[in-house]
Amino acid sequence: MSRFTYTGLMHRVMDIYAEHGSAAAYHFICEHLEEGQANPAQMYNLRYSLLAACGRKDEALALLKEAVLQHGYWYNADDLSEDEDLAVLHEEPDFQQVLQLCRQREAEALAESSGRLNILLPEAGGAPEDYRTLLVLHGELENNEAVEPTWHAALNQSYKLALLQSSQIQFSGAYDWSDPEQNIQELEQALLELGRVDGRIREEDSSTELESLEPQTELSEPQDREAVQVAQQASDTTKPIMAGFSSGARAALQAAATYPAAIGGLILVSPWLPEPSEWQDALVHWQQYGVKLYLICGEHDEDCLAGTEELANELQRKGIDHQLHLMPGLGHNYPVHFEQLLSSALSWMNES
């Protein structure tokens, strides 16, 4: 059984690097490779970077070439050429060859990348419309495969699990939510897809085709706002609950601020909320539509604690239904007992 979530593994490596150096971090990641297979390209990135930081140039270059030349992965060429950990490789001819190939693959990937929606149903079976929806957004440099095990417990709560993967690819298998306008467009389209899956939106309400419920649906270009208005007319018990981690939580919050009538609530884990202006104007609308918020953040999360507490304080002042769970000793990560917290959050969301 895995000791770490994918997110937890990444942050543990960074903690070891900061506290004990690159050699210790490299040894740790090698021991836990199997727990990082949701994105093997990132496992290669960690290993070759840590080897280079240790001064083990030949081994680092060999791993980088293995990742790019043998497995077909690519990385942002500017990041590679500016990474101080890789400084020992920068003048190597083979490194320059890798950079050129990465630039080519990145251009191709950016031209082809689109948002993807994965929908999972409980094992008990039934139609999609039989279950309420938990719509989950991954964190920075993650993907749907990486976060699905963390949120899988929702399937035991009579929810279907919808995982939205951003189109904003940074390197092989790694996506983020850095463009707020693009985030909203992709979340609009996800709400439309879910509305059609549940039978709440007719095909004539939107020109996007959805031939069948596939495990992974590629999202097309966003439609006009009329179909989203149809999605907003769903009853409180059929509106999706939106959730996310870190930058994914921020994107979920942005969507809730834009379309407060279309969602039933928010579950935000370690939410990165650098701009209060992104949610302040939405408070009155969340109050009006009964949007509930369930906030989880580590007390040692230096990047997210202040923003989470500021949001919770404003929710308290406005009388908006919410819960705040501050986790002692936790940094920017999921709590160890996240499955229990998720179960509690979903049960609370269902309470009138």
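So, helix H3 is mostly covered, with 12 of its 14 residues buried, and buried here means under 20% relative accessible area with a 1.4 Å probe, protein chains only. Bear in mind this is a predicted model, where local features need pLDDT of at least 70, side-chain atom pairs count only at pLDDT 80 or more, and totals for chains, interfaces and linings use all residues. Numbering runs from 1 along each chain as its sequence is written, and side-chain values use heavy atoms, with hydrogens and water left out.

Helices, by the way, are DSSP runs of H or I with at least four residues, strands are E runs of at least two, and both are numbered from the N terminus.

Who's buried in H3? Among them are Gln42, Asn45, Arg47 and Ser49, along with Met43 and Leu46.

Now the H2 partner. The axes of H2 (residues 22-31) and H3 (residues 40-53) come within 9 Å and cross at roughly 150 degrees; axes are lines fitted to C-alpha atoms over the stretch in contact, and angles run from 0 to 180 degrees between N-to-C directions. That makes H2 roughly antiparallel to H3, the word for angles over 145 degrees.

On the H2 side, the contact is made by Ser22, Ala25, Tyr26, Ile29 and Cys30. H3 brings Met43, Leu46, Arg47, Leu50, Leu51 and Ala53.

Key: Parallel < 35°, antiparallel > 145°, perpendicular 65-115°, else oblique. Contact = heavy atoms within 4.5 Å. Buried < 20%, exposed > 50% of the residue type's maximum accessible area, 1.4 Å probe, protein only.
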